[in-house]
Amino acid sequence: MEKIYTRTAGIRPDVISGFCPGCMHSTVIKLIGEVLEELNLLDRAVGVLGIGCCGLHMEYMSYDNTTAPHGRACAVASGLKRAAPESLVYTYQGDGDFASIGLGESMSAANRGENFTVIFINNGIYGMTGGQLAPTTLLGMKSSTTPNGRIAEEHGYPMHMCEILDQLTAPHYLERTSCNTPQNTLRTKTAIRKAFQYQMEGKGFSMVEVITSCPTNWGMSELKALDFLEEKMFTEYPLGVIRDRG
């Protein structure tokens, strides 16, 4: 029988995904591994992982990785890339890690134009730590710390990290994608490939923001979570290229 599909060498062959049903972490992790394999960068790649569900990425990677203290992935990646500029360095961070606890490190690295890539997973909520309000939680969206929903006067407004970073001079490439459909999944893979290629060309800071679902903490079925992405998350966080200096 002809084999038409083989798991990428970027993912360990002996591990089965342990992420919740409907979670898109496993898809993004697979895409990263495929791009690294296709670009022949597996031996030069280093992933810097955030805390929480993002940190589980280490269970599946077949290449080098390290875990940063909560929120400090961009600081660790800056040091790694400066010490080994021939490496492909990327961070893999959730919205709480990148946009809240690590906001200072994230903004500073982007403002300096550090030559690494951020894969930013935005599901609008803290995942592993209990479903608390995140910087990206939508207005009216309930969480374990906002049982009546996010209220702007009490909790502020959702943060749009691509647009915030677009106010800085240094970032080279910013794109927002998703993996809710096969077409969007392919667009996400293309965005990751472009960001990695820009890094290897020395273009500076790039970020791919991936809007994903979290059925467990959203309190929804997997299919309802996909509807929520289409109807609510994409309205607040429109998909597309925010900046591409080519």
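A: One term to start with: two residues are in contact when heavy atoms of theirs lie within 4.5 Å. Also keep in mind that this is a predicted model.

Q: Where does Gln93 lie, and is it buried or exposed?
A: Gln93 lies in strand β3. The relative accessible area of Gln93 is 0%, so it counts as buried.

Q: Which strand does β3 pair with?
A: β3 is joined to β4 by five bridges, and the two run parallel. Thr91, for instance, stands opposite Val118 in β4.

Q: What else does β4 pair with?
A: β4 also pairs with β6, in the parallel sense, over six bridges. There, Ile119 stands opposite Val208 in β6.

Q: How many of the residues of β4 are buried?
A: Six of the six, so β4 is largely enclosed by the rest of the structure.

Q: Which way do they point?
A: Thr117, Ile119 and Ile121 point one way from β4, while Val118, Phe120 and Asn122 point the other way. In a regular strand, side chains alternate between the two faces of the sheet.

Q: Switching topic. How many residues are in the largest nonpolar core, and which touch the most other members?
A: The core has 45 residues. Those touching the most other members are Ile32, Leu36, Tyr90, Tyr92, Ile119, Trp218 and Met233.

Q: Which element gives the largest share of this core?
A: α1 does, with six residues. Elements that each supply at least two residues include α1 (25-38), β3 (88-94), β4 (117-122) and α9 (222-236).

Q: What does Tyr90 touch?
A: Not counting residues up to four places away in sequence, Tyr90 touches a list that includes Ile32 and Leu36, Val46, Gly47 and Val48, and also Ile119 and Phe196.

Q: What about another core?
A: Another core, of 20 residues, lies apart from the largest one, and Cys74, Ala77, Met161 and Phe205 are among its members.

Q: Back to α1. Is Glu34 buried or exposed?
A: Glu34 lies in helix α1. The cut-off for buried is under 20% relative accessible area, and Glu34 is at 14%, so it counts as buried.

Q: What is Glu34 in contact with?
A: Leaving aside neighbours within four places in sequence, Glu34 is in contact with Tyr5, Thr8 and Lys189. As for Arg7, it is 27 residues from Glu34 in sequence, and the C-alpha to C-alpha distance is 8.6 Å.

Q: And Asn40, where is it found?
A: Asn40 is found in the loop between α1 and β1. It is exposed, with a relative accessible area of 65%.

Q: What is the phi of Asn40?
A: It is positive, about 60°, although Asn40 is not a glycine. Most residues other than glycine have a negative phi.

Q: Last topic: what is the volume of the largest cavity?
A: About 170 Å³. The count of cavities of 30 Å³ or more comes to one.

Q: What lines it?
A: The lining of the largest cavity has 17 residues, and Ile51, Cys53, Gly94, Asp95 and Gly127 lie nearest the centre. Helix α3 (residues 95-101) gives the most to that lining, with three residues.

Q: How many of the lining residues are nonpolar, polar and charged?
A: Seven are nonpolar, eight are polar and two are charged.

Terms used. Residues are numbered from 1 along each chain as its sequence is written. This is a predicted model: local features need pLDDT of at least 70, side-chain atom pairs count only at pLDDT 80 or more; totals for chains, interfaces and linings use all residues. Side-chain values use heavy atoms; hydrogens and water are left out. A nonpolar core is a set of buried Ala, Val, Leu, Ile, Met, Phe, Trp, Tyr and Cys residues joined through side-chain atoms within 4.5 Å. Buried means under 20% relative accessible area, exposed over 50%, partly exposed in between (1.4 Å probe, protein chains only). Helices (H or I, at least four residues) and strands (E, at least two) are DSSP runs, numbered from the N terminus. Two strands pair if DSSP finds at least two bridges between them. On a 1 Å grid over the protein atoms alone, a cavity is a set of points where a 1.4 Å probe fits but cannot get out, and a pocket is an open set with protein on both sides within 12 Å along at least five of seven lines; lining residues have an atom within 4 Å of a point. Grid points are joined across faces, edges and corners, and a volume is the space filled by probe spheres set on the points. Ala, Val, Leu, Ile, Met, Phe, Trp, Tyr, Cys and Pro count as nonpolar, Asp, Glu, Lys and Arg as charged, and the others, Gly among them, as polar.
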